[in-house]
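Let us walk through this chain step by step. Look at the sequence and the fold together as you read.

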Amino acid sequence: KFLSNYDDSHDRKEVKNYDRYYLGPIVLSDKKEGLSIIDGQQRLTSVTLLLIYLANLQKARKKDVVALQDLIFSEKYAEKSFNLQVEDRKECMEALYNDQEYDALNKGESVQNIVERYKDIQDLFPEELRDRALPFFIDWLIDNVILVKIITYSDDDAYTIFETMNDRWL
């Protein structure tokens with residue numbers, strides 16, 4: 001979608017007029033300890049991995065760097081926590097964010113999948129987006145890719161919404 005709008009002669013401010021891309025809904029349940037993902041964990045994980053990759057890709061750039069840290073993690077009292085915080089993934093996500101190799105061989109299936117999907121992003125990310133177009137793409141991703149957030153205040157309501165959406169979309 002981005003490439004159908006991108007033109008090398010555009011200024012970055014033109015990105016606000018690019019077509020939007022609807023990524024889908026996420027269903028969250030609001031609990032005392034924080035938000036719990038009922039539907040959309042794969043989408044959120046994929047977007048987080050893409051953001052980490054883009055942050056790493058920008059490390060070599062001297063100008064036109066888009067701040068992505070706040071979309072990836074939060075820091076409070078000098079303690080960093082990923083916005084998509086799953087305890088058994090923390091070490092892996094930290095290594096990926098720091099652009100380090102991570103051996104997931106003896107880790108759980110979820111962690112192994114994350115490492116493999118990150119490698120997929122590295123391999124499949126279009127070459128034409130790695131240079132001048134990179135900040136344009138990041139601006140577009142942040143402002144023009146749409147996730148609809150649905151927050152409920154009970155797991156029962158969240159699962160009802162999830163089931164209703166899936167039943168009607170089949």
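A nonpolar core is a set of buried Ala, Val, Leu, Ile, Met, Phe, Trp, Tyr and Cys residues joined through side-chain atoms within 4.5 Å. Buried means under 20% relative accessible area, exposed means over 50%, and partly exposed lies in between (1.4 Å probe, protein chains only). The model is predicted: local features need pLDDT of at least 70, side-chain atom pairs count only at pLDDT 80 or more, and totals for chains, interfaces and linings use all residues. Residues are numbered from 1 along each chain as its sequence is written, and side-chain values use heavy atoms, with hydrogens and water left out.

Start with the whole chain. It has six helices and five strands. Helices (H or I, at least four residues) and strands (E, at least two) are DSSP runs, numbered from the N terminus. Read along the sequence, the pattern is β-β-α-α-β-β-α-α-α-β-α. The C-alpha atoms fill a box of roughly 50 × 40 × 35 Å, taken along the principal axes. Of the 170 residues in the chain, 36% are buried. Contact means heavy atoms within 4.5 Å. Take the contacts between residues at least 6 apart in sequence: 62% of them join residues at least 24 apart.

Now go inside. The largest nonpolar core has 38 residues, and Leu 54 and Ile 72 touch the most other members. Which elements give two or more residues to this core? They are α1 (41-58), α3 (90-97), α4 (109-124) and α5 (134-144). Helix α1 gives the most, with seven residues. What does Ile 72 contact, leaving aside its neighbours within four places in sequence? Its partners are Leu 51, Ile 52, Ala 55, Phe 82, Asn 83 and Tyr 97.

Next, see how two helices pack. Two packed helices are described by the angle between their axes and the distance between the axes. Axes are lines fitted to C-alpha atoms, for helices over the stretch in contact, and angles run from 0 to 180 degrees between N-to-C directions. The axes of α1 and α3 come within 9 Å and cross at roughly 30°. The two helices, α1 and α3, are therefore roughly parallel to each other. Angles under 35 degrees count as roughly parallel, over 145 as roughly antiparallel, 65 to 115 as roughly perpendicular and the rest as oblique. On the α1 side, the contact uses Thr 48, Leu 49, Ile 52, Ala 55 and Asn 56; on the α3 side, it uses Met 93, Leu 96 and Tyr 97. By class, this contact of α1 with α3 has six nonpolar, two polar and no charged residues. Here Ala, Val, Leu, Ile, Met, Phe, Trp, Tyr, Cys and Pro count as nonpolar, Asp, Glu, Lys and Arg as charged, and the others, Gly among them, as polar.

Stay with α3. Its buried residues are Cys 92, Met 93, Ala 95, Leu 96 and Tyr 97. Their cover includes α1, α2, β3, β4 and α4. Just after α3, Asp 99 takes a positive phi of about 60°.

Helix α5 is another one to look at. Nine of its eleven residues are buried, so α5 is largely enclosed by the rest of the structure. Among the buried ones are Phe 136, Phe 137 and Trp 140. The buried residues of α5 pack against β1 (21-31), α1 and β5 (145-152).

Now move to Gln 58, which lies in α1. Is Gln 58 buried or exposed? It is buried, with a relative accessible area of 5%. A polar atom of the Gln 58 side chain lies 2.6 Å from the backbone nitrogen of Val 66. Not counting residues up to four places away in sequence, Gln 58 touches Asp 64, Val 65, Val 66, Leu 68, Leu 134 and Ile 138.

Asp 64 sits between α1 and α2 (69-72). Its phi is near 55°, a positive value in a residue other than glycine. Asp 64 is partly exposed, at 36% relative accessibility. Tyr 77 also has a positive phi, of about 55°, although it is not a glycine. Tyr 77 is in the loop between β3 (73-76) and β4 (79-82). With a relative accessible area of 75%, Tyr 77 is exposed.

Terms used: A polar contact is a pair of N or O atoms within 3.5 Å; within protein, one must be able to donate a hydrogen and the other to accept it, and residues adjacent in sequence count only if both atoms are side-chain atoms.
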